[in-house]
Every structure is written in C-alpha cells, then in structure tokens.
Amino acid sequence: MPDRDETRINERIRVPQVRLVGEDGNQIGVVETQQALRYAQERDLDLVEVAPDARPPVCRVLDYSKYKYEQEQKAKAARRHQKQVNVREIKLRPKIATNDYETKKNHVVRFLKGDDRVKVTIMFRGREQTHPERGERLLMRLAEDVADLGTIEQSPQQDGRNMTMLLAPVKRKPEQEAEPAAADSAAPADGAPPADSAPAAESAPAAERAPAPAEADQASA
C-alpha cells in the first residue's frame with residue numbers, strides 16, 4: 001500500500017500566514033495565506049507547503065504534479081544506487097569429504113560472483129573442539145581456492161563450538177574485463193595469411209614473364 005501524501009497544498013494549508021517563495025525561487029515574504037493562494041492561482045500553479053515546521057510555514061508556488069513526479073524519480077534513482085549487501089552462509093565440518101568440499105566451494109564461488117559476502121562456518125562436535133587448527137586450515141584452504149574472486153574480510157575466529165570466517169567479493173576493474181576482448185579482436189583469424197604477404201606469381205620479376213628475343217623473331221617470321 002503506497003504511503004499517503006502528507007504534503008499540504010492549496011486549501012489544505014490552514015495557517016493564517018505563510019512565508020511565500022515565488023515560482024522563480026525568489027523570496028516574496030510573509031503574507032496572508034489567502035493572498036498567497038490567490039498569487040498561485042493567478043499563475044495557474046499550486047501553493048505547496050515545503051517547510052511546515054517553520055514559523056510561519058514556508059510555501060512555494062509551483063506545479064505540484066510535476067514537482068511530485070520529479071521527487072519520485074529522484075527517490076527511485078537513489079534506491080538504485082543503494083546496493084543491497086547480502087551475507088550468505090556456508091557450513092562445513094572439519095572432516096569434510098572431498099566431494100562435499102568441492103560442492104561447498106562451488107556455492108561460495110557462486111555467491112562471490114553474485115557480489116555477496118560469504119560467512120563460512122566450521123562446526124565442531126565433541127572432541128573435535130580440541131583441534132581448532134584443523135578448522136582454521138580448512139578455512140584458509142578455502143580462501144586460497146577462491147582467492148581470485150574473494151578476499152578475507154574477517155579472519156577465522158573461534159566462537160564456542162564454531163569457527164567463522166567472512167569472505168568479501170573482489171571488485172574487478174572495468175579495464176580488466178575489457179582486456180580479453182581487445183586481445184581477441186587483435187589476433188588474426190586462423191589460417192589467414194599475414195597482411196604483408198603476396199602471391200608468389202605476382203612477386204616474380206617482369207623479365208621472367210616476358211618472351212625471349214629468339215621466340216619473338218620466330219613468331220614474326
């Protein structure tokens with residue numbers, strides 16, 4: 001359900017006086033509210049309360065529909081630039097099997113490629129807590145395996161029966177993404193001859209292609 005517009009405009013402004021700002025942004029001064037309303041109506045515009053807490057409230061003369069649309073567009077643009085940060089969690093056991101490790105690592109890779117942070121948790125059970133170094137080695141191994149995509153934002157920390165580490169995605173520079181494409185476009189197609197090469201027939205000297213003098217005399221006879 002959309003939020004109700006609480007902005008007071010025109011007849012909804014009930015205070016006796018307002019500080020009026022014209023359509024050009026210039027201060028007109030403190031006037032009676034009815035006078036300010038007539039001023040706006042004469043210009044086919046709205047009287048809009050922009051600072052209700054001021055004494056007296058500040059009102060501007062403007063096209064409220066256009067103003068509201070512009071404010072909504074600014075709010076949408078601000079929301080687009082506010083990137084939501086997600087933290088995903090992956091849980092491992094100290095004695096994880098190789099296949100399970102690869103599966104978990106692929107999940108971490110997918111999350112990092114999606115620009116998510118990843119909280120990796122090692123869960124200890126029973127006597128496993130007496131060897132926390134095994135959990136730390138596993139976490140560091142994972143960090144090394146995904147080092148091209150993620151960096152350690154929080155080093156391994158023991159928390160009761162668990163040990164956690166936080167990975168953050170590595171930000172790639174735009175030029176790093178463009179370099180492979182540029183290299184591919186510069187390379188010649190497979191099997192294409194060099195640009196400065198010429199067919200062997202065209203490179204033969206002109207003297208070799210001309211008939212010998214004796215052959216020319218026989219032809220004229």
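1. Strands E6 and E8. In this predicted model, strand E6 (residues 117-123) and strand E8 (residues 162-169) run antiparallel and are joined by 6 bridges.

2. E6 and E8 belong to an open sheet of 4 strands. The order is E5-E6-E8-E7, and the pairing is mixed. Strand E5 (87-92) and strand E7 (150-159) stand at the edges. Each has a single partner strand, so one side of each has no neighbour in the sheet. From one strand to the next, the twist averages 20°.

3. Helices on the sheet. Helix H3 (residues 98-113) lies across E5, E6, E7 and E8. Its direction is at about 170° to E5. Helix H4 (residues 132-145) also packs on the sheet and touches E5, E6, E7 and E8. The direction of H4 makes about 15° with that of E8.

4. A cis peptide. Check the bond between Arg55 and Pro56: it is cis, with omega about -5°. Pro56 sits in the loop between strand E3 (46-51) and strand E4 (58-62).

5. Asn10. This residue is not a glycine, yet its phi is positive, about 50°. Asn10 lies in the segment before strand E1 (17-21). Its relative accessible area is 15%, under the 20% cut-off, so Asn10 counts as buried.

6. Asp115. Here too phi is positive in a residue other than glycine, with a value near 65°. Asp115 lies in the loop between H3 and E6. Is Asp115 buried or partly exposed? At 39% relative accessibility, Asp115 counts as partly exposed.

Note on methods:
Residues numbered from 1 in each chain as written. Predicted model: local features only at pLDDT ≥ 70, side-chain atom pairs only at ≥ 80, totals over all residues. Heavy atoms only, no water. Pairing = 2+ DSSP bridges. Helix = DSSP H or I, 4+ residues; strand = E, 2+ residues; numbered from the N terminus. Axes fitted to C-alpha atoms, helices over the stretch in contact; angles between N-to-C directions. Contact = heavy atoms within 4.5 Å. Buried < 20%, exposed > 50% of the residue type's maximum accessible area, 1.4 Å probe, protein only.
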